[in-house]
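Trainee: I would like to learn how to read a model like this one. Can we go through it feature by feature?

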Amino acid sequence: MTDRYRRGVEIVQRLAPGTLEKFCAGRVAELAPDFARMAIEFPFGDLYAREEIDLVTREVVAISALATLGHIEQLRTHIAAGLQLGLSRRAVVEILMQSAVYAGFPQALNALADCHDLLTDVDCVGGSCSG
């Protein structure tokens, strides 16, 4: 296990507890174990571990990009991580609304609708949501 992988695992577990096991034991890891490892090492072990911006800012970028691209399953994971790190629900709604300027209203509306439960449920992340 490389240092990059260890750092990545630590960050993933901090952002989204329980998702690493699902991913590493899932279909991608079964078909392409090296690719599954790289998917932890590069984004989380390398990029997310950099100190120039904090994890909350990184989640804001991820939420915006994923909403723009329409990748709802990953968007939901990163919204939950952002909430767990202290982003308010209102801030996430504003991020998704702002994405309409660059991604278009359909993408922003879909993101808001598809993540409605995360942005309204008091217990969305084990009771640690704010806002």
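Trainee: What do the side chains of D46 and R4 meet in?

Mentor: A salt bridge here means a side-chain nitrogen of Lys or Arg within 4 Å of a carboxyl oxygen of Asp or Glu. The side chains of D46 and R4 form one, at 2.6 Å from N to O. This pair links distant parts of the chain: D46 is in helix 4 (residues 33-47), R4 is in helix 1, and they sit 42 residues apart. Keep the source in mind: this is a predicted model, where local features need pLDDT of at least 70, side-chain atom pairs count only at pLDDT 80 or more, and totals for chains, interfaces and linings use all residues. Residues are numbered from 1 along each chain as its sequence is written, and side-chain values use heavy atoms, with hydrogens and water left out.

Trainee: How is a helix assigned?

Mentor: Helices (H or I, at least four residues) and strands (E, at least two) are DSSP runs, numbered from the N terminus. The protein has 9 helices and 0 strands.

Trainee: Why do D46 and R4 count as partly exposed?

Mentor: Go by relative accessible area: buried is under 20%, exposed is over 50%, and partly exposed lies in between (1.4 Å probe, protein chains only). D46 is partly exposed because its relative accessible area is 22%. R4 has 32%, so R4 also counts as partly exposed.

Trainee: What about R37 and E41 in helix 4?

Mentor: These two are 4 residues apart, again about one turn of the helix. Their salt bridge is 2.8 Å, N to O. R37 is partly exposed at 32%. E41 is buried, because its relative accessible area is 3%. Salt bridges that share partners join R4, R7, D34, R37, E41 and D46 into one network. By the salt-bridge rule the count comes to 8.

Trainee: How many residues does helix 1 have, and what span does it reach?

Mentor: The expected span of a helix is 1.5 Å times one less than its number of residues. Helix 1 (residues 3-15) has 13 residues. From first C-alpha to last it reaches 18 Å, close to the 18 Å expected. Its buried residues are Y5, G8, V9, I11, V12 and L15. Across the protein, 34% of the 131 residues count as buried.

Trainee: Which residues make the nonpolar surface patch?

Mentor: Patches are made of residues with over 30% relative accessible area and no salt bridge; like charges are joined within 9 Å, nonpolar side chains (Val, Leu, Ile, Met, Phe, Trp, Tyr) within 5 Å. Here V28, F35 and M38 make a patch of about 290 Å². V28 is found in helix 3 (residues 27-31). At 35% relative accessibility, V28 is partly exposed.

Trainee: What is the accessible surface of the protein?

Mentor: Accessible areas come from the Shrake-Rupley method with a 1.4 Å probe; for residues, only the protein chains shown count as cover. The protein comes to about 7800 Å², of which 58% belongs to carbon and sulfur atoms.
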